[in-house]
Each structure stands twice: as structure tokens, then as C-alpha cells.
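Try each one before you read its solution.

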Amino acid sequence: MLSAALLIPIPRLIASGITFRENHFLHGVASGDPLQDKVIIWTRISSRNYSDKRVRWEMSTDPGFSRIEKKGIKAISGDSDYTVKVDVNGLSPGITYYYRFIYQNTFSATGVTKTLPGALKDSSFCMAVVSCNNWEDGYFNSFRFLAQKQEVDLVLHLGDYIYEYATGEYGNPASGRINEPRNETLTLQDYRTRYAQYRTDPDLQILHAAKPFYLIWDDHEIANDAYRDGAKNHQPNEGNWDVRKKAAIQAYLEWLPIRVKNASQIRRKFEIGDDIALYLMDERSTARTKQMEIDEPGFNGEDRAIIGNAQYNWLANELKNSKATWKLIGNQVMFSGYNVATGFKLPKYNDWWLGYPHERGKIIDMISKEKVSNVLFLTGDHHESFVLALHKEDKFMQYTKAWQKKPLAWELLTPSITSKNGDRRPAEEIIEFERMLRDKSINPHLAFGDIKSHGYFIANISKHTFRADYYFVDNVLSRDAKEYMATSFSVDASTFNLS
Ligand SMILES: [Fe+2]
């Protein structure tokens, strides 16, 4: 027999005329690839029957939408998994815009975005640098804290936006978070389902609604240690690699707010005023040859690529000719490297730039020969925080005498949002390892190394200074977390010194 408590509410609601509306915006709203006059806005429509094939959108400079600056109608289709992207143009530089979508008389949440400034003048541009948010490793608390920071203009996501693994294969069971689908993502539907799950995360939704993103992929958007023609985590019984890669990239392009239409366009440039040139790299899908062991014949070969000749030529040409004060390279894997003392284990580095010595050497030589000033690598993938100087004399894993001199470049690695780092090693082991890393006789080029924390850094960039503030969270296993600023570094534009 049904209890009275269960029976009562339904007739009351019907009597009061309330009807339940379907939520058509389960995956929130997002914006990305802002220019001075354009920005992509994004949503996805969820519907039982998709009887209406069109969605409306509106943009305003006022959160109340009292005056609509831009509006339009966009067709929706299963061909793009009912994701919607609009490239809104004719906007003004440096302006905050509010946007929303309307489907069958229901409104999405209101998103906030911002166009690039025309010039920095006396102000600064503030870019948060993030990577590696693995669902099964915990909660994306850092995204929520970041969303609340008024001063942040934009989020740069350097990859590992999703992870491809089956549930239980890579993550922390203590998080209680279970992947959808449960299996490893192999098909277009699998990748779409994985993105859809990530985009139900409230902290990721809050951040997307609050800030525009620039994004590049790393390996896990396809499969672990991906290269052009395969991946360590792609086995012959998992189907054709090219079909899988194409599916993964299709889902990425559908689900993320970027202007890119195909893999060859993911490498791209953004100019922020006359002061910042940001180069976003593809170190996975278009050119990378298979990883090799350091003692394998051919390891140093000129035929081995991580970015390939076309991308190298593009980057070299850009860096040589750029008039920008700051040349920032949005970079997937660690460029510099570090040493470990006898008795400590060096992480396997053949997937990093160090695993591709020919192209790495070409870039070092080019920056040096062309006297390209103020180059900073902003790097993801590593899950741990490092600040490192890159010198011309840095031969493979030998960092002697370099520290006191002006470096060719600085490299700043952002920690993971959640993905595993040294955090699950015993506390004493972490302390010892970090002490060893920071020992100037071992790593004279290392200004900071933290192997246990999760979070991100904010690059606050003015004409005169590039400042990086590292923010960490004290917990990723529940949403009850605190954030703190761990450390801060500044690079002076005229001396290129770090302090
Ligand atoms: Fe990662």
C-alpha cells in the first residue's frame, strides 16, 4: 500500500497548475577562443524527442539582458550530438558579455565571457593555466575556486580534459567517482558519453559559465601516450587507430568551445594586445613519431618528430618575427627536464620533449641564434608543479653551471586539477624527493618543484612583468576543500630575471 506521504504532493501540484519542465541544458554553457571582436559560445541541448530543431541565443553587456547586443537562431542536430556552437562576431574589445540560450521556452544558465583587450596599456591580462582533470581521481574543486576569481580573464587548458580509461584503471577508488561509460572509450559514442559525463560536473560547469577558455588536447583525449599513428593504450583488439583517433577528435571538437574545425587547426596563435603572443601547440596528433627508449638505436634521429617540420617552421617564423613583449608557448609535455640524485628514481621521460632530442635541440638553437627574447613555456601533462630555467648549454639531462646566467626561456608547469601525482607516496618520501629536487648542486636551473599538490597557476601579465601565482587545494576527495596560494614568481621583461 502506498503511504499517504507519497500520495499527497501529486494532486496538490496538478491543482496549483505547476508543470515540470524538462531541463534542456544539462551540460551547461561555455565560451572560448575569444578574439577582440569574436567569441565562440557553446551549449548542448538535451530533449526527449528533439521535436524543435532550433535553438535561440542572445548576448548582452548587461546580466539582465535589458538590451540585446546580438542574437540568432541555430539549427541542432544529432550529427553534432546536439552540441551548439555560435561564433559571435562584431563585438568590441575588452568587454564582458553575458549570453544565454533558449530552447522550447526554457533558458539556459547565463554565461559570462570577455573579448580580448585591444592593448594592455597600464593594465594586466590574467590567464589561469590548468590541465589534467581526471574524473575518477576526485573533485574538480580548483575549477570552482578559479571561477570565483574576478581578476581572471581567461582559462588556458593544456590538455587531459578527459581520460579515456575504463573505470578502475586509473584513478583513486577513494573518490567514489565512476566513469561513464564504464569501458575504455573507443567509439564516437563512448567519447561523447565521457564528455557528457564530465560536463555534468558542477565545478567544471561553473568555470565554463564564468570564463572563456583556450584549449589544446594532450594524449588522454584520445589514449595514453598518443602519437600520430598509435598510442601505448591502444591495442590491436581495440579496432583501427585512425578510426578511434578520428572519433576522439570529433567528440572533442563537438563538446568544447573552440573555433577549430579539424586536427590541423588545433595549433594556433592568439595575440593579446601588442604585448602577448600565445602559441598553442599540437604535440600529439599531427606529427609525433612513436616514443623510443633512450638506448634504442635511432633515438637521436632527425626523422623523429614531436611537432614535425611544418609546425616547427611555423613556430620558428613566428618567434623570430614577433614584436610581442612576451612569447608564450602553450605546451603539452615538459620541455626542460630535471636531474635526480643517486638513489632516487627518475620518472620515465621518453614521452616528454626530452624523448625527442633532435627537435628539442632545434628549438633551443633557434631561440638562441635568433635571440628571441622573453620566451616562456606554459606546460601541462606533468601533474606536478615546476619552475625551470632553460639554457643553451643544457645538454641532455646535464644542468651544470647554468643557474646564475640569463636563461633562454623559463618553463612553468601547472599541477593537475586531480590526476595522480606524488600525492599518494609516503609523506617522508615526498619531503625527501622535493628536498633533493631543490638542491642547487643537483638542479641549478630549478626554482620550484612540488610533486604532491593539485591546483593551477594564474599568469598575471603586464608590459613589464610576468607573474605566476600558484594556487593549491587541500583536498580532492570531497567538495569540502580549501584553497591557498602556495607561491609566486615574477619574471622581469627587461632583465628576464626571475624573483
Ligand atoms: Fe594528465
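**Exercise 1.** Does Tyr50 count as buried or exposed, and at what relative accessibility?

*Solution.* The model is predicted, so local features need pLDDT of at least 70 and side-chain atom pairs pLDDT 80 or more, while totals for chains, interfaces and linings use all residues. Residues are numbered from 1 along each chain as its sequence is written, and side-chain values use heavy atoms, leaving out hydrogens and water. Start with the cut-offs: buried means under 20% relative accessible area, exposed over 50%, and partly exposed in between, with a 1.4 Å probe and protein chains only. At 12% relative accessibility, Tyr50 counts as buried. Finally, check the backbone: phi of Tyr50 is near 50°, a positive value in a residue other than glycine.

**Exercise 2.** Repeat the analysis for Asp33: where is Asp33 found?

*Solution.* Asp33 sits in the loop between strand 1 (29-32) and strand 2. Its phi is near 45°, again positive in a residue other than glycine. With a relative accessible area of 1%, Asp33 is buried.

**Exercise 3.** Find out what span helix 6 (residues 241-255) should have, and how many of its residues are buried.

*Solution.* Helices are DSSP runs (H or I, at least four residues) and strands are E runs of at least two, both numbered from the N terminus. The expected span is 1.5 Å times one less than the number of residues. For the 15 residues of helix 6 that gives 21 Å, and the end C-alpha atoms are 21 Å apart, which agrees. Now turn to burial: 11 of the 15 residues are buried, so helix 6 is largely enclosed by the rest of the structure. Among the buried ones are Trp241, Arg244, Tyr252 and Trp255. Their cover includes strand 2 (39-44), strand 5 (83-88) and helix 4 (188-198).

**Exercise 4.** Describe how helix 7 (residues 308-321) packs with helix 8 (residues 357-369).

*Solution.* Two packed helices are described by the angle between their axes and the distance between the axes. Here the angle is about 15° and the axes are 11 Å apart. That makes helix 7 roughly parallel to helix 8 (angles under 35 degrees count as roughly parallel). The contact (heavy atoms within 4.5 Å) includes Tyr312 and Leu315 of helix 7 and Ile363 and Met366 of helix 8.

**Exercise 5.** Which peptide bond is cis, with omega near -10°?

*Solution.* The bond runs from Glu180 to Pro181. Pro181 lies in the loop between strand 10 (154-157) and helix 4.

Conventions
Axes are lines fitted to C-alpha atoms, for helices over the stretch in contact, and angles run from 0 to 180 degrees between N-to-C directions. Angles under 35 degrees count as roughly parallel, over 145 as roughly antiparallel, 65 to 115 as roughly perpendicular and the rest as oblique.
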